[in-house]
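Please look at how the parts of this protein model pack against one another. The report below starts with pairs of helices and then turns to the cores.

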Amino acid sequence: MESIKYHQNGIGNEYGADHALTNNWNPEVDYGNEYVNIYFRIEAPGYSYPSFSFTEEGEKAFYIETKNALQPLGWESEIDAEDWHCGYIKKGKQHLYLHPQNFSGEILKNEVKQIAEALQKHDTFYLRWVDLYETVYDISDTEYEEYLVNKDEEIRKILFEQCQTKRTNKYFYVFDVCRNLAEKIRLRRVGLNDGRNSGSGQTIEHIKEIIDKMIIEGLLVSVEINGNKCVRSLNKTEQKKLKLMIA
C-alpha cells in the first residue's frame, strides 16, 4: 500500500524542495481527545473536468464505495438514510461532509489514519492526500470561559491598540472590533460556530464585556452612531489630562 501524505497547514514551508506539499504531520502520535478541522482530498474520475458532474449511475457507485469504506469504522448517515449521498455522516461528535472532491469536517486526530487508509484506493475514487488545519477542542462553555479569562490582559492590550484613531471624531463599530479580535483568540470547538461565519458567540460576547469595562474605566470612549455602539481609544492628550499611564 502506498504511503499517505498528511499535510499540517500553517507550519513552516508549505512546499518542499520538490515543489510538492510537505508530509509534515505524524499520524502515529497519541493526540488524546483533540479533534482537527480536516480535508481528505479525493480524486473521483467520474466527477472531473469539464463537467464536474456524476452520471446517475456513477454517483450511486461512488457513494456505495464510500459507505463500504467508512461504515465499518462506525460512521453513519446524519439523516439516518440507507443510501449515502453528498451530505453529512457522523460518528459521535465527529462529522464529515462527503463532497466528491473533499471529505471534510471535524474528527478525532487519533482516527485520521484509519479513515485515510480506508479511503486510499477504490474503483470510483482514491485518496490524493490529507490536509489538516486547526485543532478543534472538546471543552465545555465553563472551561472555555476560563481560557478567555486567562486572555483578558492580552485582549485589553489589543483592544486599546486597535481602537486608536487619528481624530477624536473617528470611531470603530464595537461589533466589527469584536469579530476581528475574536479571529485572533478564538479556539475552535467541536460542533460550534461561535460566531466564526455569522452572528455572535461566547468569544465575541466576552470581548464585548471587556470593552464595556474599559469604557467604565475611561480607557475607551463610546458613542452611538446610527443605532450602533462605537468606540475609540483615548489619545495621548486625553491620557495626560486624565493622568492615565498607558503603555
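## Helix 4 against helix 6

Helix 4 and helix 6 pack with their axes 10 Å apart and at an angle of about 65°, where axes are lines fitted to C-alpha atoms, for helices over the stretch in contact, and angles run from 0 to 180 degrees between N-to-C directions. Helix 4 is therefore roughly perpendicular to helix 6, since angles of 65 to 115 degrees count as roughly perpendicular, those under 35 as roughly parallel, those over 145 as roughly antiparallel and the rest as oblique. Helices here are DSSP runs of H or I with at least four residues, strands are runs of E with at least two, and both are numbered from the N terminus.

This is a predicted model, in which local features need pLDDT of at least 70 and side-chain atom pairs count only at pLDDT 80 or more, while totals for chains, interfaces and linings use all residues. Residues are numbered from 1 along each chain as its sequence is written, and side-chain values use heavy atoms, with hydrogens and water left out.

On the helix 4 side, Asp152, Ile155, Arg156, Leu159 and Phe160 meet His206, Ile207, Ile210, Ile211 and Met214 of helix 6, contact being heavy atoms within 4.5 Å.

## What covers helix 4

In helix 4 (residues 152-162), the buried residues are Asp152, Ile155, Ile158, Leu159 and Phe160; buried means under 20% relative accessible area, exposed over 50% and partly exposed in between, with a 1.4 Å probe and protein chains only. Their cover includes helix 3 (141-150), helix 5 (174-185), helix 6 (202-216), strand 11 (228-233) and helix 7 (236-241).

## Helix 5 against helix 6

The axes of helix 5 and helix 6 cross at roughly 120° and come within 9 Å, which means that helix 5 is oblique to helix 6. Among the residues that make this contact are Val174, Phe175 and Leu181 of helix 5, together with Thr203, Ile204 and Lys208 of helix 6.

## Two nonpolar cores

The largest nonpolar core has 31 residues, and those with the most contacts inside it are Ile38, Phe40, Leu70, Ile107, Val112, Leu119 and Val130; such a core is a set of buried Ala, Val, Leu, Ile, Met, Phe, Trp, Tyr and Cys residues joined through side-chain atoms within 4.5 Å. Elements that each supply at least two residues of this core include strand 2 (35-43), helix 1 (56-70) and strand 7 (126-137). Apart from this core lies another, of 22 residues, among them Ile158, Val174, Ile211 and Leu220.
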